[in-house]
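The sequence and the model are shown first, and the description follows.

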Amino acid sequence: MPIVLDAQRIARSLARIAHEILERNHQVDELALIGIRRRGVPLAKRLAHAIHEIHHSEIPTGALDITLYRDDLMRTAVAAQPVIRRTEIPFSIDDKRILLVDDVLYTGRTIRAALDALIEFGRPKAIQLVVLVDRGHRELPIKADYVGKNVPTSLSQSVQVHLTEIDGRDEVEILES
Amino acid sequence: MKKDLLSIDDLTGDEIHLILDTSEAMREIGQRPIKKVPTLRGKTVVNLFYEPSTRTRTSFEIAEKRLSADTLNIAVASSSVLKGETLVDTALNIEAMQPDMIVLRHASSGAGHILSRICKSRIINAGDGMHEHPTQALLDAFTIREHKQRIDGLKVTIVGDLLHSRVLRSNVRLLTKLGAEVWVSGPPTLVPAGIEQFGVRVSANIDEAVADADVIMMLRIQQERMTGAFIPSLREYFNTFGMTKARVAKAKPDVIIMHPGPMNRGVEIDSDVADGAHSLIREQVEMGVAVRMAVLEALSRNLPNA
């Protein structure tokens with residue numbers, strides 16, 4: 001299967017995104033990272049670390065589970081029941097610039113659900129979207145602010161992101177289904 | 001997952017753990033400023049209660065509202081049941097209004113099974129006579145797991161009116177399924193015949209039953225279900241089976257004390273113990289909402305008219 005990002009390129013993409021975040025946001029103390037479960041969470045932590053390396057400031061990090069906000073749960077007989085996990089946002093999002101982090105941007109429906117979920121926690125000053133891979137095929141008017149890599153795909157393919165924290169290795173591959 | 005939740009036997013061990021894991025996430029929703037998620041938006045849940053209940057009915061209703069379901073409470077005291085309508089007719093009338101789920105509390109064992117056969121709606125048993133009360137057992141298991149991080153291998157002692165208790169029957173099924181060592185104790189008149197077949201140890205000696213217990217669950221003396229003379233007097237019952245500080249001291253030092261409520265203080269449990277450091281009785285109520293949200297969510301997957 002073709003590997004589109006290896007460990008080194010994932011690391012470089014995240015380092016570049018960290019620089020771009022700092023370039024676009026001058027008030028670093030207003031920033032907060034929120035990862036979408038599951039693989040957005042380790043990505044958000046890595047970005048927090050990368051920003052700390054460059055700027056020496058601690059960016060608060062949270063985790064958001066959007067399962068209860070999905071629009072397809074009762075429509076499709078999903079093979080396995082998605083496990084609902086805890087949402088952990090240990091800070092107020094009011095007046096923060098939230099960097100919402102996910103691994104793959106595809107139809108945009110996950111992000112739509114995440115925006116609904118997030119807005120119930122308060123009123124952030126702004127929400128920006130960070131994704132490791134943008135594979136196209138949007139079904140909603142949603143666009144990422146920071147993209148690790150644009151990967152053109154066909155609908156029959158799937159994009160698998162593996163991260164060391166969850167899968168034991170860093171790799172993004174395209175699978176034919 | 002089966003269509004309905006009538007008994008703990010409807011769930012596999014894995015499904016029980018999935019519900020408890022989901023309850024963790026549901027508990028967090030109760031701590032948010034906006035305690036609501038859109039999961040059951042547009043779904044209708046009917047709470048049909050043929051017996052008085054404050055805790056269970058309120059808990060289900062809050063759980064339903066936090067999941068954005070439309071809820072409707074039918075308390076029998078103010079319904080056509082008083083005019084002689086049967087359970088089946090009432091259920092069919094409710095069913096004609098297309099609810100998605102019915103939460104049923106009834107004084108007859110097996111009432112939920114009747115509804116299950118005639119209704120398309122999901123049926124959740126919120127207590128049927130002396131048979132089962134599965135969501136209570138799930139919330140008890142969740143409370144235990146939050147404090148002990150496991151259920152497997154724990155000694156759980158259940159004391160009190162075993163005969164009339166649906167909480168006992170659901171708990172015994174669940175706890176033995178997940179590998180706990182379950183002891184029960186109560187006066188011989190209140191021990192159901194053949195209870196050993198469920199894989200529990202029976203002892204008429206409460207001190208033996210609570211020795212080194214990790215969890216003690218007290219059951220209420222159900223005077224409203226007692227049609228004969230089961231115990232000589234409430235005072236004698238308290239002396240023989242009441243949970244006192246002295247008895248708690250025989251269990252493990254980190255024992256947790258539980259009670260499904262409502263409590264008869266000074267009958268099955270001393271106030272010192274009910275309000276003491278080991279008691280999780282109020283925490284059980286908090287857990288109840290989270291667990292019921294998890295059950296509602298689990299049964300709502302792939303509703304027929306979704």
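## Domains of chain B

The model described here is predicted. Chain B is divided into two parts: domain 1, covering 8-132 + 286-300, and domain 2, covering 134-280. Between the C-alpha centres of these two domains of chain B there is a distance of 25 Å. Where they touch, domain 1 of chain B contributes 21 residues and domain 2 of chain B contributes 18 residues.

On the side of domain 1 of chain B that touches domain 2 of chain B, at least two residues come from each of helix 1 (13-29), strand 4 (122-128) and helix 11 (281-300) of chain B. Sorted by class, this side of domain 1 of chain B holds 9 nonpolar, 7 polar and 5 charged residues.

## Overall form of chain B

Chain B contains 11 helices and 9 strands. Its C-alpha atoms occupy a box of roughly 55 × 45 × 35 Å along the principal axes. A compact globule of 306 residues would have a radius of gyration near 19 Å, and the value for chain B, 19 Å, agrees with this.

Of the 306 residues of chain B, 47% count as buried. Among contacts in chain B with a separation of 6 or more, 75% are made by residues 24 or more positions apart.

## A parallel sheet in chain B

In chain B, 5 strands form an open sheet with parallel pairing, in the order 7-6-5-8-9. Strand 7 (201-202) and strand 9 (256-258) of chain B are at the edges; each has a single partner strand, so one side of each is left without a neighbour in the sheet.

Strand 6 (residues 181-185) of chain B runs parallel to strand 7 of chain B, and 2 bridges join them. Within this pair, Val184(B) stands opposite Val202(B), a residue of strand 7 of chain B.

## The largest nonpolar core

The largest nonpolar core has 137 residues, and those with the most contacts inside it are Ile34(A), Leu47(A), Leu100(A), Val101(A) and Ile216(B). Helix 11 of chain B provides the largest share of this core, 9 residues. Both domain 1 (8-132 + 286-300) and domain 2 (134-280) of chain B give residues to this core, so it lies between them.

Leaving aside residues up to four places away in sequence, Val101(A) touches Leu33(A), Ile34(A), Gly35(A), Ile36(A), Gly40(A), Leu43(A), Ala44(A), Leu47(A) and Val130(A).

## Two individual residues

Asp207(B) belongs to helix 7 (residues 206-210) of chain B. Asp207(B) is exposed because 11 other C-beta atoms lie within 10 Å, and a residue with 12 or fewer falls in that class. Not counting residues up to four places away in sequence, Asp207(B) touches Arg247(B) and Lys250(B). From Asp207(B) to Ala246(B) the C-alpha distance is 9.8 Å, although 39 residues separate them in sequence.

Pro82(A) is found in the loop between strand 3 (61-64) and strand 4 (97-105) of chain A. Pro82(A) counts as partly exposed because it has 14 C-beta neighbours inside 10 Å. The C-alpha atoms of Pro82(A) and Leu68(A) are 10.0 Å apart in space, and the two residues are 14 residues apart in sequence.

Note on methods: Residues are numbered from 1 along each chain as its sequence is written. Chains are lettered from A and ligands numbered from 1 in the order in which they are written. This is a predicted model: local features need pLDDT of at least 70, side-chain atom pairs count only at pLDDT 80 or more; totals for chains, interfaces and linings use all residues. Domain bounds come from an automatic or database domain assignment. Two residues are in contact if their C-beta atoms, placed from the backbone, lie within 7 Å. Helices (H or I, at least four residues) and strands (E, at least two) are DSSP runs, numbered from the N terminus. Ala, Val, Leu, Ile, Met, Phe, Trp, Tyr, Cys and Pro count as nonpolar, Asp, Glu, Lys and Arg as charged, and the others, Gly among them, as polar. A residue is buried if 20 or more other C-beta atoms lie within 10 Å of its own, exposed if 12 or fewer, and partly exposed in between; C-beta atoms are placed from the backbone. Two strands pair if DSSP finds at least two bridges between them. The radius of gyration is taken over C-alpha atoms; the globule rule is 2.2 Å times the number of residues to the power 0.38. A nonpolar core is a set of buried Ala, Val, Leu, Ile, Met, Phe, Trp, Tyr and Cys residues joined through C-beta atoms within 7 Å.
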